[in-house]
2 protein chains.
Amino acid sequence: MITNTPPPPYYAVIFTSITKEQDPGYSEMGEWMEKLVVSQPGYLGHESARSGLGITVSYWESLTAIKHWKDNIDHQTAQQLGRRKWYETYKIRIAKVEREYGWPI
Amino acid sequence: MITNTPPPPYYAVIFTSITKEQDPGYSEMGEWMEKLVVSQPGYLGHESARSGLGITVSYWESLTAIKHWKDNIDHQTAQQLGRRKWYETYKIRIAKVEREYGWPI
């Protein structure tokens, strides 16, 4: 689903990744993180796709909200496992959304 | 491939879309646009994935560069065809990348 974000400005975290061979723990952890993230203060939604490259863009009210999520203890565990087991490489970009428009609305 | 972007600040265009039924013209147009975009002034790279939802994030030196690409006459044609034939819905967000970090580097 395309996220119904509020009028800008707000923040986007663009997470681009290449994973190693599939590991059942990876999708389990993904499901857990999906459940956890929606309850975070300042979380606005996220969009995700994977075909070779994986791209997840999450949307946030503020940089503080992003920092809190990054520092969440369970999320920290997921990040460490990710680096040790699941990701070949990744890049994270933190960006301030200045304009948005959609179609048909 | 994950794009090797320069140190921030630079701009990201986050294009999230849901397409209608597959149409051979869509991937042809996509290939043409991929060729065209790399020669645009201020273009830094792009990342793309589709699994249900499609996400393409392109990176640019400036808002002016983004505007030029939006107004490119061939790209305009692609946009019109996209709305008429290929997209169920899409959203475009223009964002200023303030921080980036990667792993393992």
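1. The copies meet through the same surface, because 100% of the interface residues of chain A are also interface residues in chain B. Chain A can be laid on chain B by a turn of 180° with a shift of 0.0 Å along the axis, and the RMSD is then 0.0 Å; that is the relation of a two-fold axis. The superposition of copies is made by least squares on the C-alpha atoms of residues with pLDDT of at least 70 in both. As background, two copies of a chain are related by a rotation about an axis and a shift along it.

2. A word on the basis of this note: the model is predicted, so that local features need pLDDT of at least 70 and side-chain atom pairs count only at pLDDT 80 or more, while totals for chains, interfaces and linings use all residues. Residues are numbered from 1 along each chain as its sequence is written, chains are lettered from A and ligands numbered from 1 in the order in which they are written, and side-chain values use heavy atoms, with hydrogens and water left out.

3. The largest pocket holds about 1200 Å³ of space, and of the 40 residues that line the largest pocket, the closest to its centre are A:Phe15, A:Thr56, A:Trp69, A:His75 and A:Tyr87. Among the elements that give two or more residues to this lining are strand 1 (10-19), helix 2 (63-71) and helix 3 of chain A, together with strand 4 (87-103) of chain B. Helix 1 of chain A gives the most to the lining of the largest pocket, with 8 residues. Helices (H or I, at least four residues) and strands (E, at least two) are DSSP runs, numbered from the N terminus. A pocket is found on a 1 Å grid over the protein atoms alone, as an open set of points where a 1.4 Å probe fits, with protein on both sides within 12 Å along at least five of seven lines, and lining residues have an atom within 4 Å of a point. Grid points are joined across faces, edges and corners, and a volume is the space filled by probe spheres set on the points.

4. By class, the lining of the largest pocket has 21 nonpolar, 12 polar and 7 charged residues, where Ala, Val, Leu, Ile, Met, Phe, Trp, Tyr, Cys and Pro count as nonpolar, Asp, Glu, Lys and Arg as charged, and the others, Gly among them, as polar.

5. The second largest pocket has a volume of about 960 Å³, and of its 36 lining residues the closest to the centre are B:Phe15, B:Met33, B:Thr56, B:His75 and B:Tyr87. Helix 1 of chain B gives the most to the lining of the second largest pocket, with 8 residues, and this lining divides into 19 nonpolar, 12 polar and 5 charged residues.

6. A:His75, one of the residues closest to the centre of the largest pocket, is found in helix 3 (residues 73-86) of chain A. A:His75 is buried at a relative accessible area of 15%, where buried means under 20%, exposed over 50% and partly exposed in between (1.4 Å probe, protein chains only). Leaving aside neighbours within four places in sequence, A:His75 is in contact (heavy atoms within 4.5 Å) with A:Met33, A:Trp69 and A:Lys70, and the side chain of A:His75 reaches the backbone oxygen of A:Trp69 at 2.7 Å.

7. A:Gly82 is also found in helix 3 of chain A, and A:Gly82 is buried, with a relative accessible area of 0%. A:Gly82 and A:Thr56 are 26 residues apart in sequence and 14 Å apart in space, C-alpha to C-alpha.

8. B:Ser51 is found in strand 2 of chain B and counts as partly exposed at 41% relative accessibility. Apart from neighbours within four places in sequence, B:Ser51 is in contact with A:Ser48, A:Ala49 and A:Arg50, and a polar atom of the side chain of B:Ser51 lies 2.9 Å from the backbone nitrogen of A:Arg50.

9. The bond from B:Pro8 to B:Pro9 is cis, with omega near 5°, and B:Pro9 has its place in the segment before strand 1 of chain B. A cis peptide bond also joins B:Trp103 and B:Pro104, with omega about 5°, and B:Pro104 lies in the segment after strand 4 of chain B.

Terms used
A polar contact is a pair of N or O atoms within 3.5 Å; within protein, one must be able to donate a hydrogen and the other to accept it, and residues adjacent in sequence count only if both atoms are side-chain atoms.
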